[in-house]
Amino acid sequence: MSPPQEATYLTVTHLLEHLYCPRFTYFEHVLQIPEHQEKRFKVQKGREVHEERQHVNPGYLRKKLGVVRREFEVELASMAHGVKGIVDEVLWLEDETMAPFDYKFAEDPGQVYENLRVQSLLYGLLIRENYGKPVTRGFLCYTRSNYRVVEIPMAEEDFERALRIMQECFDIIRLGLFPEATKWTARCPDCCYRNICVR
Ligand code: SF4
């Protein structure tokens, strides 16, 4: 996969916006119309997460997940894929693999939503490329469910799916393609692009 020549890096947040509606990529990166921050959709990683979360107890992580080392707020970039992001925690596990660990300021909904799964996969890709270690799983920590930790298994086909989403983004930017609207029409009334978006 090749990012567009002129592209700076896409962030993981850009890719989450793309998942919310691919037209965000078109309006923001092709037409260069910035989102209005006060009206933007609720990106899962809300700013308050950074303010209110506490780090999970290291003893718990060691015992439950086999964590032998961790780093916090790690900024990673992939030249190969043209993406960058900040991982809440990068974990080294006792089975010689590594994993992303991300905090969600929310209750555990009992299932892992696709956007959070893809976000974790992208962080997994970044870790794999930057540290040269296998990544077979990621973790989400729901702060409003007593810091419950949920595991996301990661197989090669999952990483390939995340890479396809990145490719979709780059194709829109490089070729100026006008993408299909989101099929979730309930998202449109609150969208900052609703006045210029032809449905
Ligand atoms: S109005 Fe709807 S289709 Fe158009 S950009 Fe917003 S969410 Fe997407």
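**Exercise 1. Which residues of H6 are buried?**

Solution. This is a predicted model, in which local features need pLDDT of at least 70 and side-chain atom pairs count only at pLDDT 80 or more, while totals for chains, interfaces and linings use all residues. Residues are numbered from 1 along each chain as its sequence is written.

Step 1. Helices (H or I, at least four residues) and strands (E, at least two) are DSSP runs, numbered from the N terminus. A residue is buried if 20 or more other C-beta atoms lie within 10 Å of its own, exposed if 12 or fewer, and partly exposed in between, with C-beta atoms placed from the backbone.

Step 2. By this criterion the buried residues of H6 are Ala-162, Met-166, Cys-169, Phe-170, Ile-172 and Ile-173. They cover an arc of only 160 degrees around the axis, which places them on the same side of H6; the arc is that of the directions from the helix axis to the C-beta atoms.

Step 3. On the other side of H6, the exposed residues are Glu-156, Glu-157, Glu-160, Arg-164 and Leu-175.

Step 4. The cover over the buried residues of H6 includes strand E1 (10-11), helix H1 (12-20), helix H2 (22-30), strand E3 (83-93) and helix H5 (114-131), where two residues are in contact if their C-beta atoms, placed from the backbone, lie within 7 Å.

**Exercise 2. Describe how H1 and H2 are packed.**

Solution. Step 1. Seven of the nine residues of H1 are buried, so that this helix is mostly covered; they are Val-12, His-14, Leu-15, Leu-16, Glu-17, His-18 and Leu-19. These buried residues of H1 pack against E1, H2, E3, H5 and H6.

Step 1. In H2, Arg-23, Phe-24, Thr-25, Tyr-26, Phe-27 and His-29 are buried, and the buried residues of H2 pack against H1 and H6. Just after H2, Gln-32 takes a positive phi of about 60 degrees.

**Exercise 3. Characterise the surroundings of Val-90.**

Solution. Val-90, which lies in strand E3, is buried, with 22 other C-beta atoms within 10 Å. Not counting residues up to four places away in sequence, Val-90 touches Arg-70, Glu-71, Val-74, Met-98, Pro-100 and Ile-127.

**Exercise 4. Which residues are around the ligand?**

Solution. A residue is near a molecule if its C-beta atom, placed from the backbone, lies within 6 Å of it. The residues around the ligand are Cys-21, Arg-23, Phe-24, Ala-181, Thr-182, Arg-187, Cys-188, Cys-191, Tyr-193, Arg-194 and Cys-197.

**Exercise 5. State where the model calls for caution.**

Solution. Step 1. The average pLDDT (the predictor's confidence in each residue, from 0 to 100) of the protein is 87, and 87% of the residues score at least 70. Over residues 41-45, however, the pLDDT is below 50, and this stretch has six contacts in the model beyond near neighbours in sequence.

Step 1. Where pLDDT is low, the predicted coordinates should not be read in detail.
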